[in-house]
Structure formats: structure tokens, C-alpha cells
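Reader: I am new to this structure, and I would like to learn what the terms used for it rest on. Please take me through them with care.

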Amino acid sequence: MNAKYLRPLSIGLIVLIFLFGMYHFTKSNEFGSPSEENPNDKAESFFRTQSDGFSVDPFYLESAKSIFSPDGQFLRFDEIIAKAKSGELNLISELWNLRRQCPEGSTREQCHEYIKAFIQNEYSGEDAKKLLNLLTNYLKYEEAMVQLDPSSKSYTNAERYEQIKQLRRKYFSKDDAELIFGLEEATADFSFNRKNFLDETKNLKADERIRLYEDYRKKSFGPYYNAIVNREPQYDKFETEMDLRQIELSKLSSSDRETKEREVRIRYFGKDGNERMEKVLKEIREEEEKITKLEVEESNYLKNNPNLSDSEKEKKLMELRIKTLGSKELAEEYTRRLEYEKTLKNSGN
């Protein structure tokens with residue numbers, strides 16, 4: 001498909017959001033607001049049945065030539081399959097990229113006719129048939145997802161995700177399921193089992209723990225490992241190593257800990273990057289010290305002046321905050337933060 005839209009899949013698995021999104025998409029009748037003379041009305045339903053299962057209205061075949069016009073070269077079929085198998089390409093993300101190109105006013109069914117037409121225009125023979133078959137099965141699976149209850153509290157996230165995996169196997173062969181969902185499912189398994197790895201290795205030296213962690217990732221992601229590593233942000237790598245070193249770092253003296261942390265930062269970000277990060281860390285520590293001081297001053301003031309009216313109390317607290325934090329803007333921001341935290345607490349969250 002269009003190289004412009006072949007962005008790598010961002011790693012992350014939020015099952016509830018995924019289910020919620022599928023629910024609202026499949027329940028929605030339209031992709032946008034219909035115009036008065038909508039040419040989509042000429043189109044036949046995606047669910048029109050034909051003996052070969054791949055019938056497309058001629059209207060879509062003609063329209064797709066302009067709607068899905070590439071500004072670069074499309075990937076060949078074998079390239080699509082190879083990249084999907086290695087985790088470089090996410091077929092579901094590409095489907096959503098194509099959906100976003102459907103004309104305003106397209107219904108869900110009409111949009112999928114455009115996509116079918118695009119596939120038939122760009123690919124031929126068995127290649128097109130394979131892609132259309134994957135698309136058709138995915139749309140059936142997507143509709144079936146609506147029947148799963150994402151709000152159920154009777155299942156853990158791992159159990160709920162296992163339900164999703166079982167549902168997928170009803171619509172896809174083993175190979176097709178791995179082609180479409182392989183990286184996502186490997187990521188899920190890795191996430192669900194990561195805590196066990198951390199618990200089992202918590203008493204090891206940090207360097208050994210980091211080595212074993214990378215071995216664990218290689219085993220978990222298999223053919224997707226290289227794609228994961230190649231697109232992993234440098235800061236994520238840094239944070240992972242710091243997490244794995246945390247137990248060992250907590251046992252060091254303050255100066256030794258700072259030395260080790262600086263060594264790791266320089267390795268990932270260079271000397272200039274480390275200096276910028278140290279500046280930010282210094283500002284964060286200074287702010288935390290100010291907040292701690294302010295909390296003590298406010299507590300003492302309220303304790304020593306229990307009979308103040310609410311307005312007098314608020315006025316004095318604001319004066320203390322401006323004095324300690326350095327400006328009225330920072331004091332007001334701090335006040336809003338306290339109010340927000342109080343609201344969350346009172347709501348039970």
C-alpha cells in the first residue's frame with residue numbers, strides 16, 4: 001500500500017480502548033455527514049453476495065482510481081506479506097489509513113467497497129483474492145467484537161484478551177491470524193508475563209538482569225524482535241534499563257547513585273543530552289523542595305489559626321503560595337492542582 005501510510009506500529013496494548021473503539025465504530029452508521037447529492041447512494045452494499053464472494057460495484061472501481069491515487073509506489077503483495085510477518089507493517093493500521101481516505105458521507109459498508117475496489121485495482125489474480133479474503137474475514141471479526149463486553153469485571157485483562165484471541169481463530173486460519181495479529185498478541189503475552197520475569201530476577205545483579213531481559217524479549221517477540229528494537233525510542237530504552245537497575249541503585253549511597261545514573265544517561269544521550277536532563281532533574285527537585293516547604297508552612301498556619309473564615313484562610317494560603325513558589329501564576333496553578341486532586345479523591349477515583 002502507499003508508502004506514505006506505512007508507518008510502523010507503535011507498541012502498546014490497551015485492550016479496553018480497543019474494544020471501546022470497535023464498539024463505537026461498528027455501531028456508527030456513517031463516517032461523516034452526508035451531502036444532499038451523495039454519489040455513494042449509487043453504490044451497492046458491501047454485503048452483496050456473489051458466487052465468488054468478491055463482487056465490487058463498477059462505481060467503486062472507477063472512483064477508487066482517484067480516491068486512492070498514490071503519491072508514491074505501492075508495496076507489492078509479497079512485500080506486504082513479508083513486512084507484516086516481521087512486524088514492520090500492521091495490516092489493521094493500514095486498513096484504518098484507507099478508511100480515513102473514504103469520501104465524506106460514506107457509510108461503513110460503502111467505505112469498505114472503496115477499499116475493495118482499491119485492492120482490485122492495484123493487485124491482481126490470487127494476490128488480490130488473498131487480500132480481499134483477509135479484509136472480508138477481518139470485517140466479520142470486527143462486527144463479532146461488538147458482542148464482547150469490554151466493561152465486564154468478571155475477567156482479568158489476560159482472560160479478556162484470551163477471549164479475543166479465541167474469537168479471532170473463528171474467523172482466521174492460524175497463519176492468517178499470526179499475519180494480522182501476531183505482533184499485537186506477542187506484545188500482549190510479553191506484557192502479561194513481564195511482572196513474573198521482574199519478580200524472578202529481582203535478586204540478580206543489574207547487568208545480568210538486563211541481559212536476561214533482552215533474552216526474554218527475543219523469546220517473547222520472536223520474528224518481530226528486530227522490528228521492535230529498530231523503532232524503540234531511545235528514551236524508552238533508557239527508562240527500561242533504569243527500571244531494571246532500580247533495586248541495585250536503591251542500595252547505593254546518594255553520590256554513587258548519581259554517578260551511576262549519569263553514566264547510563266551519557267551512554268544513551270551523550271554528554272549534552274545528560275546536561276539537559278540534569279538541568280530538568282534539578283528543576284524538578286527544587287520544585288519538590290518548595291512544595292514540601294509550602295505544605296509544612298500551610299499546615300502550621302492552619303493549625304495556629306483555626307478560627308479564620310474561609311475567605312481569610314484562602315487569602316493567607318494564596319499569599320504563602322506566591323511567596324514560596326515565586327509567582328501568582330505558579331500559586332494559582334498549584335491551587336488548581338490541589339482542587340483537582342481533591343475532586344478525584346471525593347469521587348472515589
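Reader: How many salt bridges does a search of the whole structure find?

Author: The search finds 29 salt bridges, the term standing for a side-chain nitrogen of Lys or Arg within 4 Å of a carboxyl oxygen of Asp or Glu. Please keep in mind that this is a predicted model, in which local features need pLDDT of at least 70 and side-chain atom pairs count only at pLDDT 80 or more, whereas totals for chains, interfaces and linings use all residues. Residues are numbered from 1 along each chain as its sequence is written, and side-chain values use heavy atoms, with hydrogens and water left out.

Reader: What makes E184 and R168 a salt bridge?

Author: The closest N and O atoms of E184 and R168 are 2.7 Å apart, and this value meets the limit, so the pair is called a salt bridge. The two residues link distant parts of the chain, since E184 belongs to helix α8 and R168 to helix α7, 16 residues apart. In general, side chains of opposite charge can pair when their charged atoms come close.

Reader: Why is R168 called buried?

Author: Buried means under 20% relative accessible area, exposed means over 50%, and partly exposed lies in between (1.4 Å probe, protein chains only). R168 has a relative accessibility of 0%, and therefore counts as buried. E184, with 19%, also counts as buried because its value is under that limit.

Reader: How do you know that E162 and K165 form a salt bridge, and where do they lie?

Author: For E162 and K165 the closest N and O atoms are 4.0 Å apart, and the pair is counted as a salt bridge. Both residues lie in helix α7, three residues apart, which is about one turn of the helix. E162 has a relative accessible area of 35% and is therefore partly exposed, whereas K165, at 16%, counts as buried.

Reader: What separates E241 from R245 in helix α11?

Author: About one helical turn separates them, because E241 and R245 are four residues apart in helix α11 (residues 234-250). Their side chains meet in a salt bridge with an N to O distance of 2.9 Å, and both residues are buried. Elsewhere, R99, R108, E142 and E143 are linked in a network of salt bridges.

Reader: How many helices and how many strands does the chain have?

Author: The chain has 14 helices and zero strands; here helices (H or I, at least four residues) and strands (E, at least two) are DSSP runs, numbered from the N terminus. Of its 349 residues, 37% count as buried.

Reader: Which residues touch the most other members of the largest nonpolar core?

Author: They are I119, Y123, Y138 and Y141, in a core of 37 residues. A nonpolar core is a set of buried Ala, Val, Leu, Ile, Met, Phe, Trp, Tyr and Cys residues joined through side-chain atoms within 4.5 Å. The elements that give two or more residues to this core include α3 (77-86), α5 (108-122) and α6 (125-144), and the largest share, nine residues, comes from α6. A second, separate core of 11 residues includes A186, Y216, I228 and L244.

Reader: Why does Y123 count as buried, and where is it found?

Author: Y123 has a relative accessibility of 8%, so it counts as buried, and it is found in the loop between α5 and α6. A polar atom of the Y123 side chain lies 2.7 Å from the backbone oxygen of L75. Y123 and F74 are 49 residues apart in sequence, yet their C-alpha atoms are 9.8 Å apart in space.

Reader: What makes T335 buried, and which residues is it in contact with?

Author: T335 is found in helix α14 (residues 328-347), and because its relative accessibility is 14%, it counts as buried. Leaving aside neighbours within four places in sequence, T335 is in contact (heavy atoms within 4.5 Å) with M318 and R321.

Reader: Why is L281 called partly exposed?

Author: The relative accessibility of L281 is 31%, so L281 counts as partly exposed. Its place is in helix α12 (residues 254-304).

Key:
Polar contact = N/O pair within 3.5 Å; in protein donor to acceptor, adjacent residues only side chain to side chain.
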